[in-house]
Amino acid sequence: MKWIYINEMKNHVGQEVTLKGWVANRRDSKGLAFVTLRDGMGFCQCVVAEEAVGDTFEQTKSLSQESAVSITGIVVKDEKQLGGFELQANAFEIIDVAEDYPITPKEHGVDFLLERRHLWLRSKRQWAIMKVRNATIYAIHSFFQNRDFALMDSPIFTGSAAEGTTDLFKTDYFGQEAYLAQTGQLYGEAMAMAHGKIYTFGPTFRAEKSKTRRHLTEFWMIEPEMAFFDLEMDMDLIEDMLRFVVNEVIDRCQAELEILDRDIEALKSVNQKFPRITYDEAIDILTGKKDVNGINAIAMLEEDLAQTKAAIEDAKKEIEEREIIVNDNVSKKGIKNFNRNKVAQLKASLKDLEEDERNIPQWIESAKNFEHGGDLGGSDETVLTRLFGCPIMVYNWPRKIKAFYMKRVEGNLDYVKGVDVLAPEGYGEIVGGSERETDLDFLLEQIAEENLSREDYEWYLDLRRFGSVPHAGFGLGLERLITWICKLKHIREAIPFPRTSQRLKP
Ligand code: 4AD
Ligand code: MG
């Protein structure tokens, strides 16, 4: 029998084929079993009729959730179905009957799910996110390969820091202290001097103790580095890349983005020109000194707070009303279940709203009292990006808060030519980049100022001794981008097995 994958059904309408997969769901009615099969490529409803399969029909009762099964039948077009096709079974073979599966269609807490991440990955939403991740990675490679960038790998074991020493993971390297790479950039610069345009794509490690929605301790970073590029060209490249990648994902992941209930219009904002604002302008906007398109940051936050409070009242009222139905003696079981699920959903969103209610006043304080010269915090980024409907670029940063290798701004030596790209809808930084300092003496000063060992950086300084040229690059955080594309609440769902300060297993 011809075994095909669910995404190939469109080529086999009217034919008999075999699907192999797992039972995502089963519903029974008289003489019929409706099995939602998933095979990694998609989901498909298989209708098993007693009339068609005869005596074996009884066995459908043992097809518990996540049982493995192979089903043979005729492919029928059915627009109403997810994926657009249905399989009308003639025969099926049980491969493994699953024990009671812990992840049921009802709502589960996130800790419960994270502890079962190895199984949670099978759930439809998680499956869709990983498909988007795959398409994102593919699009990133296409973008750079089509522009003749060479993919080159930087080492994971390193002997020196580049992004400050506070979040390094130390390991013992045969008695010598080594660190897990927190960036591949310094190596990228060396490779760019050999190949002109390169990009790295690899795991990156940061011992971030803070518990945030944006930080992993292990994440994937894409770091292009280009000889003869200045900051302006760097920003142009970032903008082109994000535009290409997001449009590719919109094109290739329509079904997945639909499963995720993602508003595509928000993603299409990448087709607008990204506003480029200096750090100084960003601070004026944040502190309310300067409006954006007639909107004042502080006024917007105050309005948000009022709306949040109103939404909390509405949610509480609705929960009360639905709970009455859940607990009465007259409503049908189906109606009670429907309301029970709604209550669970409402309680989850109420929790988020209450978190906002606590956070927004702090954001207002933080924004109002922001001290010029400081780094933007997560909430500051949220506030800024909510004022714009598309990604923005913040450039020319105070030297003190940026890495040692960034080039100073001519005529304004307290500033460096760095850029952060902030994603809209409150997502914040997804890319950090800069033009690199080429002045050997200045780099030596910086290395001394940061108490780094000069000896460890001699190889890097050689790049300024032998054919030193202007160059620039950036780092794109893969999971940060995916978190925004999928509009996830937390970055931990953007990677198969997340590593955070709270979690090492599974
Ligand atoms: O801004 P960062 O620290 O820049 C660098 O590492 C430079 N060496 C890049 C370069 O110019 N080649 O990190 C770059 C990006 C951030 O914008 C963010 O998207 C992501 O990496 N990132 C993280 N993602 C998840 N968890 C973390 N803890 C992250 N830290 C940074
Ligand atoms: Mg950064």
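A: On a 1 Å grid over the protein atoms alone, a cavity is a set of points where a 1.4 Å probe fits but cannot get out, and its lining residues have an atom within 4 Å of a point. This is a predicted model, in which local features need pLDDT of at least 70, side-chain atom pairs count only at pLDDT 80 or more, and totals for linings use all residues. Residues are numbered from 1 along each chain as its sequence is written.

Q: Which residues line the largest cavity?

A: The lining consists of Thr158, Ser160, Ala161, Ala162, Ala181, Gln182, Thr183, Gly184, Gln185, Leu186, Tyr187 and Trp459. Helix H5 (residues 185-195) contributes the most, with 3 residues; a helix here is a DSSP run (H or I) of at least four residues, numbered from the N terminus.

Q: What is the volume of the largest cavity?

A: The volume, meaning the space filled by probe spheres set on the points, is about 70 Å³.

Q: How are two packed helices described?

A: One gives the angle between their axes and the distance between the axes. Axes are lines fitted to C-alpha atoms over the stretch in contact, and angles run from 0 to 180 degrees between N-to-C directions. Helix H4 (residues 124-146) packs on helix H15 (residues 478-485) at about 125 degrees, with axes 10 Å apart.

Q: Which residues of H4 and H15 meet?

A: Ile129, Val132, Arg133, Thr136, Ile137 and Ile140 in H4 touch Leu478, Glu479, Leu481, Ile482 and Ile485 in H15, contact being heavy atoms within 4.5 Å.

How values were computed
Chains are lettered from A and ligands numbered from 1 in the order in which they are written. Side-chain values use heavy atoms; hydrogens and water are left out. Helices (H or I, at least four residues) and strands (E, at least two) are DSSP runs, numbered from the N terminus. On a 1 Å grid over the protein atoms alone, a cavity is a set of points where a 1.4 Å probe fits but cannot get out, and a pocket is an open set with protein on both sides within 12 Å along at least five of seven lines; lining residues have an atom within 4 Å of a point.
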